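User: Hi! I'd like to learn how to read strands, sheets and charged contacts in a model. Could you take me through them one at a time?

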Amino acid sequence: MKKNKSLLLALAVLAAQFAMTTPLAAAPKPLKIGVFIPGVSEGSPNYENLIKGAQRVAKDNPGTDIKVFEAGYNQAEWQEKLTSFVATGNYDYVITSNPSLPDLINVTGKLFPKQKFICLDGSFAGNPNLYTVLYNQIEQGYITGYLAGMLSTSKMPGTNADKKVGMIIGQHYPAMDKLIIPGFEKGLKAVDPAFQVDVRVLGNWFDATKAAELARSMIEAGVDVILPICGSGSQGVIKAAQEAGIYLVFFDNDEYARAPGTILGCTILKQEELAYNCLKQAAQGTLPFGKADVVGIKEGYVEFLDTNPNYLAKVPVAIRNKLAAAIRDIKSGKIVLPVPQI
Ligand code: RBF
């Protein structure tokens, strides 16, 4: 008995020494995450990938609770819905993605001064409870425009001599007008300064029938490549492009499989990765709340998908080589595309 006691004592001393000298990695703690979707996730890859990023964190941190709230398409209701979501939630972090959200967070945040927010695809510095990350969409636009211009001036079937390509956008907003459109134009003009962009506004992020009509009228006017940025409305653009035998380039996500041979390029945002990394850092106490970051090609969060079989099969090698060179030039700093204040 005595022997057992002293053995136990020795073991306890050893265990205590081990605990003091060996810093064990902190076990991942369960989190309460609120995902606020300003719209509807289905058909909008940035939202779908935001949810996936949060779900990956939940896998790493067992016991984590995720609530996803879709605020719908009526933007006039978003402020009130954000406030109600935060009020009921008791979340460690509310994560969202949209350029218009920092302004709403600044209002709602005043009512809940302990709530931490993370906003991707948006930018605001100086709120100690908010961390934002903006994508360098000048780079994203440039790469996509450079490809669109080269496709449009190629001898590929369905193209014409007009130096005209199109965009169908959900609506105008500062990131669209100061980053995406100027970046796209810059890429086009790197192919030929005569290029013009025909920009049509859908007026929402879902109406595929109207998006198809806009695409048809553009195609009649001589557009042979279109970049749709209109959420689930893009399905209508795909239909019209397939009917007419023209080409599409896409933003945000790997969309090649939706229209093989029609969609000839995707410049994606690594939104799932970014959401995951931000939440992990927040949980570890290292996310710099109050700061506004920008990430682009160099940081690995904007990427052109150049190994897809549809891209390799359809896009001539001379075009692919030029695009690869432009991407290398952005990475090396030979082409600099800084992001202005939005
Ligand atoms: N993009 C989508 O794919 N789906 C949407 O429902 C959507 N809604 C938006 C609402 C507002 C008010 C703003 C400013 C942008 C919206 N976007 C939407 C665009 C999105 O933030 C991003 O700019 C594009 O997806 C291009 O990366």
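Analyst: Happy to. Strand β1 (residues 32-37) and β2 run parallel, joined by six bridges. Keep in mind that this is a predicted model.

User: Which residue of β2 is the bridge partner of Ile 33?

Analyst: That partner is Ile 66. As a general idea, strands of a sheet pair through backbone hydrogen bonds, either parallel or antiparallel.

User: In what order do the strands of the open sheet come?

Analyst: Read across the sheet, the order is β2-β1-β3-β4-β5-β11, six strands with parallel pairing. The edges belong to β2 (65-70) and β11 (292-295); each has a single partner strand, so one side of each has no neighbour in the sheet. From one strand to the next, the twist averages 15°.

User: Which strands does helix α4 touch?

Analyst: Helix α4 (residues 101-111) packs on the sheet and touches β1, β3 (93-97), β4 (116-120) and β5 (130-135). For the orientation, compare directions: that of α4 makes about 170° with that of β4.

User: Now the charged contacts. How many salt bridges does the structure hold?

Analyst: There are twelve. The idea is to look for a side-chain nitrogen of Lys or Arg within 4 Å of a carboxyl oxygen of Asp or Glu. One of them pairs Glu 272 with Arg 56, with 3.3 Å between the closest N and O atoms. Glu 272 sits in helix α9 (residues 271-283) and Arg 56 in helix α2 (residues 45-60), so this pair ties together parts 216 residues apart in sequence.

User: What relative accessible area do these two residues have?

Analyst: Glu 272 has 23% and is partly exposed. Arg 56, at 27%, is also partly exposed.

User: Which helices does the salt bridge between Arg 216 and Glu 243 link?

Analyst: Here the closest N and O atoms are 3.0 Å apart. Arg 216 belongs to helix α7 (residues 208-220) and Glu 243 to helix α8 (residues 234-244), so the pair ties together parts that are 27 residues apart in sequence. Arg 216 is partly exposed, at 32% relative accessibility. Salt bridges can also share partners: Arg 56, Glu 272 and Glu 273 are joined into one network that way.

User: Back to the edge strand β2 (65-70). Which side chains meet in a salt bridge at 3.5 Å, N to O?

Analyst: Those of Asp 65 and Lys 67. Asp 65 counts as partly exposed at 35% relative accessibility, and Lys 67 is partly exposed too, with a relative accessible area of 41%.

Notes. Residues numbered from 1 in each chain as written. Predicted model: local features only at pLDDT ≥ 70, side-chain atom pairs only at ≥ 80, totals over all residues. Heavy atoms only, no water. Helix = DSSP H or I, 4+ residues; strand = E, 2+ residues; numbered from the N terminus. Buried < 20%, exposed > 50% of the residue type's maximum accessible area, 1.4 Å probe, protein only. Pairing = 2+ DSSP bridges. Axes fitted to C-alpha atoms, helices over the stretch in contact; angles between N-to-C directions. Contact = heavy atoms within 4.5 Å.
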